[in-house]
Amino acid sequence: MQNNHASRRDVLFARLEVLSWRLQQGEDNDPHRLLTTTAEAMELVPELSDADRLILMDRLGRAQAAVEAAQQRIVARMEALPAERRALRGYVSQHTSRPLTG
């Protein structure tokens with residue numbers, strides 16, 4: 001049973017690391033998987049050694065930074081949408097003979 005616990009811990013810690021890295025790098029813009037994995041890891045806390053708790057705290061810090069980076073990218077994208085829409089409308093209106101609607 002101890003081996004199964006250690007294996008699950010290792011998988012969750014590795015998944016936290018990978019998902020945090022992907023969010024931080026912009027390879028993934030949906031923090032849901034990371035947040036779900038964080039919740040799973042938090043369920044293990046009572047069973048973790050002090051050393052494992054320190055490792056988890058480090059992973060959680062990275063996860064938080066990754067989620068914040070993803071949020072900032074989403075906000076920037078949302079703020080850019082009106083300007084992109086106007087630019088696309090201008091391009092389409094110059095290159096089509098049909099009137100634009102909407």
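**Kink, core and a buried serine**

Helix H3 has a kink of about 40° at Leu81, shortly before the proline Pro82. The model is a predicted one.

Me: What makes the bend at Leu81 in H3 a value of about 40°?
Reply: The bend is the angle between two fitted axes, one for the seven residues ending at a residue and one for the seven starting there. At Leu81 that angle is about 40°.

Me: How do you know what span is expected for H3?
Reply: The expected span is 1.5 Å times one less than the number of residues. H3 has 45 residues, and 66 Å is expected. From its first C-alpha to its last, H3 reaches 65 Å, close to that value.

Me: Why is Ser20 called buried?
Reply: Buried means under 20% relative accessible area. Ser20 has 6% relative accessibility, so Ser20 counts as buried. Ser20 lies in helix H1, residues 2–25.

Me: Which residues does Ser20 touch, leaving aside those up to four places away in sequence?
Reply: Leu34, Arg59, Arg62, Ala63 and Ala66. Contact here means heavy atoms within 4.5 Å.

Me: What makes a set of residues a nonpolar core?
Reply: The members are buried residues of listed kinds, Leu among them, joined through side-chain atoms within 4.5 Å. The largest such core has 15 residues. Leu16, Leu23, Leu34, Leu48 and Leu56 touch the most other members. H1, helix H2 (32–43) and helix H3 (50–94) each give two or more residues to this core. H3 gives the most, with 6 residues.

Conventions. Residues are numbered from 1 along each chain as its sequence is written. This is a predicted model: local features need pLDDT of at least 70, side-chain atom pairs count only at pLDDT 80 or more; totals for chains, interfaces and linings use all residues. Side-chain values use heavy atoms; hydrogens and water are left out. Helices (H or I, at least four residues) and strands (E, at least two) are DSSP runs, numbered from the N terminus. Buried means under 20% relative accessible area, exposed over 50%, partly exposed in between (1.4 Å probe, protein chains only).
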